[in-house]
Amino acid sequence: MFQTLYNYFWWDRLWLPVNLTWSDLEDQDGRVYAKASDLYITIPLAFLFLVVRHLFEIYVATPLAGLLNVKEKIRLKATPNPVLEKFYASSSKHPKQSDIEMLSKKSGCMVRQVERWFRRRRNQDRPSLLKKFREASWRFTFYLIAFIAGMAVIVDKPWFYDLKEVWKGYPIQTTLPSQYWYYMIELSFYWSLLFSIASDVKRKDFKEQIIHHVATIILISFSWFANYIRAGTLIMALHDSADYLLESAKMFNYAGWKNTCNNIFIVFAAIFIVTRLIILPFWIMHCTVVYPLDLYPPFFGYYFFNFMMVVLQSLHIFWAYLIIRMAHKFITGKVVEDERSDPEETDNTEEEEEVTKNGPLSNGHPVLNNNHRKTD
């Protein structure tokens, strides 16, 4: 049964153009081709990324937070109350008015006290600025290095300047060592993001983030073993071109450098819209949808790859909408906040009782009562 499914999954007709088989992509005469088995290494590399990230956040991001004067907030703890805690954990973090009145009777607290308890309890679960700063610092570092490395991989290639070169000789295209490592590192990083997503800072687009990570992993993996590598390197570099700007904007935002944050965000918004809403659909996707048909009739792999590209593009449109909303608020002089953040994660309501700690972090560590949160 398993062998039958395995054979059907790797059926030549699914992933390769007509009249071509996997044997055509076997290494020979010094020519090396991509293989699905190459991707096995990305799982242990993903765990290595998690270890490196942990060390980076402790020994690089935390001291950097102190240097940038990242200020924590002392959050008042909710008084221990078994009745309210049980409702908070099992029913809702945002009780309705009728629930508040019911809990008031059960707990022996006034309605106002119940409301205050839930505000403070939600506040305890919010991520600390240090946690958010660490996460943004790690992603900024990776995306910047990945973008520079990606450009080094593709800038001297003819398909960087002429997209028709992407399909020249396809799929009999030799894999270069630089392409191998670019793919393995990018795929390993996205595996690590998927593994850590439950503990990372969460935002309103949590589900969209999961879809994005899964779609990206599928696209990178498929483009590797089906030898869509030239198109894949272009797509990865295109995505990395804006991501490091977003993470740097978040870092300055957490540090309280609002003007710097806003200026970087405007640059990020412009690059994001140009790369994700113009270059990707009208150049790259045109390259993956139209040009292959000049060489081969469409096959399942062709449809599959472009379907996943449509999924990715749909997410880009969703995020572009949020970015444009944020840019509009900035231009009209309103306070710019991350549109993906939950309202309960903002600490500027009159009802929240928080005290901003004077001065930077002590030895790079926040003084908190408790805490936990993500942006991209």
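In which loop does N227 lie? Select N227 and you land in the loop between α9 and α10; helices here are DSSP runs of H or I with at least four residues, strands are runs of E with at least two, and both are numbered from the N terminus. Before moving on, some housekeeping: this is a predicted model, where local features need pLDDT of at least 70, side-chain atom pairs count only at pLDDT 80 or more, and totals for chains, interfaces and linings use all residues. Residues are numbered from 1 along each chain as its sequence is written, and side-chain values use heavy atoms, with hydrogens and water left out.

**Stop 1**

Most residues other than glycine have a negative phi, and most peptide bonds are trans. N227 has a phi near 65°, a positive value in a residue other than glycine. N227 also counts as buried, at 3% relative accessibility (buried means under 20% relative accessible area, exposed over 50%, partly exposed in between, with a 1.4 Å probe and protein chains only).

Now jump to N19, in the loop between α2 (12-15) and α3. Its phi is near 70°, again positive in a non-glycine residue. Is N19 buried or exposed? N19 counts as exposed, at 71% relative accessibility.

Next, select Y170 and P171: the peptide bond from Y170 to P171 is cis, with omega near 0°. P171 sits in the loop between α7 (129-154) and α8.

**Stop 2: the largest cavity**

Select T216, I220, I235, M236 and H239, which lie nearest the centre of the largest cavity among its 15 lining residues. A cavity, on a 1 Å grid over the protein atoms alone, is a set of points where a 1.4 Å probe fits but cannot get out; a pocket is an open set with protein on both sides within 12 Å along at least five of seven lines; lining residues have an atom within 4 Å of a point. The largest cavity holds about 160 Å³ of space, where a volume is the space filled by probe spheres set on the grid points, joined across faces, edges and corners.

Which helix gives the most to this lining? That is α10, with five residues. At least two residues each come from α8, α9, α10 (229-254) and α12 (300-331). By class, the lining has nine nonpolar, four polar and two charged residues (Ala, Val, Leu, Ile, Met, Phe, Trp, Tyr, Cys and Pro count as nonpolar, Asp, Glu, Lys and Arg as charged, and the others, Gly among them, as polar).

**Stop 3: the second largest pocket**

Switch to W10, K35, A36, S37 and F225, which lie nearest the centre of the second largest pocket, out of 24 lining residues. The elements giving two or more residues to this lining are α1 (2-9), α3 (42-67), α8 (177-196) and α9 (206-225). The most comes from α9, with five residues. The pocket's volume is about 600 Å³, and its lining splits into 18 nonpolar, four polar and two charged residues.

**Stop 4: aromatic pairs**

Rings of Phe, Tyr and Trp (its six-membered ring) pair if their centres lie within 6.5 Å; planes under 30 degrees apart count as stacked, over 60 as edge-to-face and the rest as tilted. By this rule there are 44 aromatic pairs. Show Y88 and F118, a tilted pair at 6.2 Å centre to centre with 45° between the planes. Y88 is in helix α4 (residues 82-90) and F118 in helix α6 (residues 111-124), so the pair ties together parts that are 30 residues apart in sequence. Both are buried: Y88 has a relative accessible area of 5%, and F118 one of 2%.

Then try F268 and F272, tilted too, at 5.6 Å centre to centre and 50° between the planes. These two are four residues apart in helix α11 (residues 258-289), separated by about one helical turn. F268 is buried, with a relative accessible area of 3%, and F272 counts as buried at 4%.

**Stop 5: two faces of α5**

Finish on helix α5 (residues 97-107), whose buried residues are I100, L103, S104 and S107. They cover an arc of only 110° around the axis, which puts them on the same side of α5; the arc is that of the directions from the helix axis to the C-beta atoms.
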